[in-house]
Each structure stands twice: as C-alpha cells, then as structure tokens.
Amino acid sequence: MRSRSLGILALTLSLVLFATVCPAQKTEVRRMDYDGLMDYIIDCKGAIVLVNFWATWCGPCLKELPGLMLLREEIPEDKLRIVGVSLDYDPKTFASYVAKKKINFPNYLAAPDLMDLLEIQSIPKMLLFDCDGMEIISHEGYIPLEELRPKIEALLPGAAKTE
C-alpha cells in the first residue's frame, strides 16, 4: 500500500513539474469595437494602416492571409500597420487558427455590432488608410498580393506620386 502511495505521489509531482516547465499555450482573445478601431487608426498616424476583416470559415479570406503576412515581413511596421479583425462566431476557433498559422500581425475578434456599424456586407474586406489617417481604399472580396502591393507601395512616404 505504501509503495502505491509513493507511486501516486511521484506521478503527481511529475505532472506538477511538467505543468510548470511546459505550461499550456493560452491565446487571449481580444475584442475590437468601433471606438477601439478608430483609436487604433488614429494612433498609427504616420504609417499606412491596412485593416483586414476576415473569418476562419471564409475561403477567400484564408487565401488572402498569406499575402498579408508576406507584406508584414517585407514592409517595416513603422511604415505599414496591418490589423486583422475576425468576424468568427467562436472565440476558440479564432484563437486556435491565429496561433496555429502564426499570423504575424495583431488580430482581434470583432465586437458583435462592429460589422453593422461599418456596414460590412461581405468578407474579406480591406480598408486602407494613408499616413494621414484618410481612408484611401475600401475593397470587398479577395485581392491578390500582386494587386495590393503596388497600391500600398504608392502610399509609402517617398513614393513617386502620379497625378
């Protein structure tokens, strides 16, 4: 009986040690509401801001994400800020997907009324703001990287302006 108790104690201590050394990954789900999004855009003044509305259940959205992640790698964050706002219904699905795909820009779960307040009819939807915080592009539907990149590059400080 005593050896069984010692075995249980050893197993319990092993599990506690494992949990301490290897804590479970927990992804915090942060919500984005209308005021928070407007504050984010204002706070990023001086940089181009790309807001991407998407969801894990949206095929075209998932097709677009790798291009946005590549832009995040190519253009410094002080020149281009990218933020994702997911319209997913299930916070766990959203958090799991973001962690699994290692999305390299901030992502938030949309507040329940955000879609209505911004009159979003379909996703993916992209809003692009210039360095002064003025909305330049509102695009619904998939946009290939080859089409998006020149639009962003034209807005970068020092880019040649075409009149």
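Predicted model: local features only at pLDDT ≥ 70, side-chain atom pairs only at ≥ 80, totals over all residues.

Colleague: Is T93 buried, partly exposed or exposed?

Modeller: The general idea is to compare the relative accessible area with two cut-offs: buried means under 20%, exposed means over 50%, and partly exposed lies in between. T93 has a relative accessible area of 37%, so this residue is partly exposed.

Colleague: Let us turn to cysteines. How many disulfides does the model contain?

Modeller: One looks for a pair of cysteine sulfur atoms within 2.5 Å. The count by this rule is one disulfide. The bond joins C58 to C61, with an S to S distance of 2.3 Å.

Colleague: Which hand does the disulfide of C58 and C61 have, and why?

Modeller: The hand is read from the torsion about the S-S bond. For C58 and C61 this torsion is about 75°, so the disulfide is right-handed.

Colleague: Are C58 and C61 buried or exposed?

Modeller: C58 is buried, its relative accessible area being 6%. C61 is likewise counted as buried, at 1%. Two further cysteines may be read in this way: C44 is buried at 4%, and C131 is buried at 16%.

Colleague: How many salt bridges are there?

Modeller: The test is a side-chain nitrogen of Lys or Arg within 4 Å of a carboxyl oxygen of Asp or Glu. By this rule there are three salt bridges. In one of them, E74 pairs with R149, and their closest N and O atoms are 2.9 Å apart. E74 belongs to helix α3 (residues 59–74) and R149 to helix α6 (residues 145–155), so the pair ties together parts that are 75 residues apart in sequence. E74 is partly exposed at 39% relative accessible area, and R149 is partly exposed at 22%.

Colleague: Which residue does E140 meet in a salt bridge?

Modeller: E140 forms a salt bridge with K125, and the closest N and O atoms are 3.5 Å apart. E140 lies in strand β6 (residues 135–140) and K125 in strand β5 (residues 125–129), so this pair ties together parts 15 residues apart in sequence. E140 is partly exposed, with a relative accessible area of 35%, whereas K125 counts as buried at 8%.

Colleague: What is the N to O distance between the side chains of E77 and R81?

Modeller: These two side chains meet in a salt bridge at 3.3 Å, N to O. E77 is partly exposed, at 41% relative accessibility, and R81 is partly exposed as well, at 24%.

Colleague: Which residues form the negative surface patch?

Modeller: Here one looks for negative residues with over 30% relative accessible area and no salt bridge, joined within 9 Å. The patch consists of D33, D35, D39, D43, D113, D116 and E119.

Colleague: Which helix gives the largest share of the negative patch?

Modeller: Helix α2, residues 34–43, gives the largest share, with three residues. D39 is found in helix α2, and D39 is partly exposed, with a relative accessible area of 44%.

Conventions. Residues numbered from 1 in each chain as written. Heavy atoms only, no water. Patch = residues over 30% accessible without salt bridge, like charges linked within 9 Å, V, L, I, M, F, W, Y side chains within 5 Å. Areas by Shrake-Rupley, 256 points an atom, 1.4 Å probe, with all protein chains shown as cover. Charge placed at Lys NZ, Arg CZ, Asp CG, Glu CD. Helix = DSSP H or I, 4+ residues; strand = E, 2+ residues; numbered from the N terminus. Buried < 20%, exposed > 50% of the residue type's maximum accessible area, 1.4 Å probe, protein only.
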